[in-house]
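Look at the structure first, then read the points below.

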Amino acid sequence: MATLAPAVLPPEIASAIVNPVAYGEWNGIKEKFRWARDNMPVGLVQAEGYMPFWAITRHEDIMTVSKDNARFLNAPKSVVLGPIAVQMLTHMITGGSPHLVRSLVTMDAPEHMDYRKLTQSWFMPKNLASLEEKIRGIARASVDTMLATGGSCDFVHQVSALYPLHVVMQILGVPHEDEPLMLKLTQEMFGGEDPDLNRARSVELTPEQVTQFVIEAVRDFEGYFMKLAADRRADPKDDVATVIANAVIDGEPISDRNAAGYYIIVAAAGHDTTSASTAGAMWALAKDPEQFARIKADRSLLPGLIEEAIRWTTPVQHFMRTAAEDCEIGGQRIAKDDWLMLCYVSGNHDERVFPDPDRFDASRGPNRHVAFGAGVHQCLGLHLARLEMRILFDELLDRIDSVELAGTPQRASSTFVGGPKTLPIRFVPS
Ligand code: HEM
């Protein structure tokens, strides 16, 4: 039986869920999510400055909502949490759309599948197998860079922020010299809430200022990709940029806004996320010499390390959905047009599915994490992310004998894409 009265989350839980700093601090938000899972797994968040929304915190409910793509839509409202002021600004700038960027994650059926099919085969295991040697070469070069530091480095700055960036830009077709620009714009777009990553490098930003900087980053991305698209129309190559530039749906070329959004999602989703889980894996190994030695000696454990790193880090911390009709989730009534947050951090720490969820256990199995989402929007790049990480750690474990933390790592302050932004390590080369 559905509860009639809405379950409203206590203010301290609600304010943490919308607070980027809480995700940077990490342990507190995990505790708050645990309370929500135990006491109010589908709880209404009423936080100052935000439209009310339902926080879905149990693994089972996140899966149910993610897979029911007819009832829980991506297009009607923003797929990323933002304050009302930001939503109003976005409406104004786009001429009425809730989305600053129009991409796969903001589309519903049938349009979504038409667009997804354009590039899907590029990211499937068969095609990736043909890229494996090239990716291994990039991984080796990344490990060379790390070893050249002589025994201590910031793993995020020197390795994990750059390696997945280089891989995905090669697939997309962005020249190597433009990668620093891609990294900067991605961090400004996803890291608008973090003083170390946003455009102004400032703590004291209003939500409107944050949005303004995110908008500027999006504009720069669009300008860059429109030039790339023109180039690939004139001079097609064997890359994803060419596929998007020349894409035709229902006999019509796709619009500039849709092409730009497609480039942006592949460019941005394709590296910051994988960088975060790569750094997460290194963090865990640096804290646990026994686990490091076990995996170094037995590489059949690598897939387990990768999957656990993705769960434990949860680089994408939420996505939003909008209810298409009145319905019920976890015994709670949800009305048509209600906004829902899929709290992946919480789902990936749900004790009902993951015993001792805070523990990093590379031999955890099964590891049915929700870090890649589920349903028709499930991450397009999940095979690529796993492959990149497996190859990097395979190379890396050949070349170092031990690793430890050389300082306190810091996580990004962000409600959306998060994970380590610094990871000081000391290592002994083999
Ligand atoms: C979608 C996570 C790596 C491209 C998503 C979603 C999540 C996610 C949670 C939304 C799923 C949903 O709504 O159900 C991650 C994580 C990654 C990662 C944790 C790394 C560990 C990548 C890579 C690419 C990529 C390497 C490169 C192409 C995309 C795209 C979508 C997406 C294009 C939109 C798919 C759609 O809406 O149909 N990702 N991702 N991601 N991801 Fe990833």
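In which loop does Cys379 lie? Cys379 sits in the loop between helix 17 (344–347) and helix 18 (382–399); helices (H or I, at least four residues) and strands (E, at least two) are DSSP runs, numbered from the N terminus. The model is predicted, so local features need pLDDT of at least 70 and side-chain atom pairs count only at pLDDT 80 or more, while totals for chains, interfaces and linings use all residues. Residues are numbered from 1 along each chain as its sequence is written, and side-chain values use heavy atoms, with hydrogens and water left out.

**Iron**
- Cys379 (SG) is the only protein donor of the ligand's iron atom, at 2.3 Å; donors are N, O and S atoms within 2.8 Å of the metal (3.2 Å for Na, K and Ca), and water is not among the atoms, so sites may look incomplete.

**Ligand surroundings**
- Helix 14 (272–287) gives the most to the shell around the ligand, with three residues.
- A polar side-chain atom of His112 lies 2.6 Å from an oxygen atom of the ligand.
- For Arg116, a polar side-chain atom is 2.8 Å from a ligand oxygen atom.
- Arg321 likewise has a polar side-chain atom 2.8 Å from an oxygen atom of the ligand.

**Helix 7**
- Helix 7 (residues 125–148) has 24 residues.
- A kink of about 50° is centred on Leu131; the bend at a residue is the angle between axes fitted to the seven residues ending there and the seven starting there.
- Just after helix 7, Gly150 takes a positive phi of about 90°.

Technical notes. A polar contact is a pair of N or O atoms within 3.5 Å; within protein, one must be able to donate a hydrogen and the other to accept it, and residues adjacent in sequence count only if both atoms are side-chain atoms. The expected span of a helix is 1.5 Å times one less than its number of residues.
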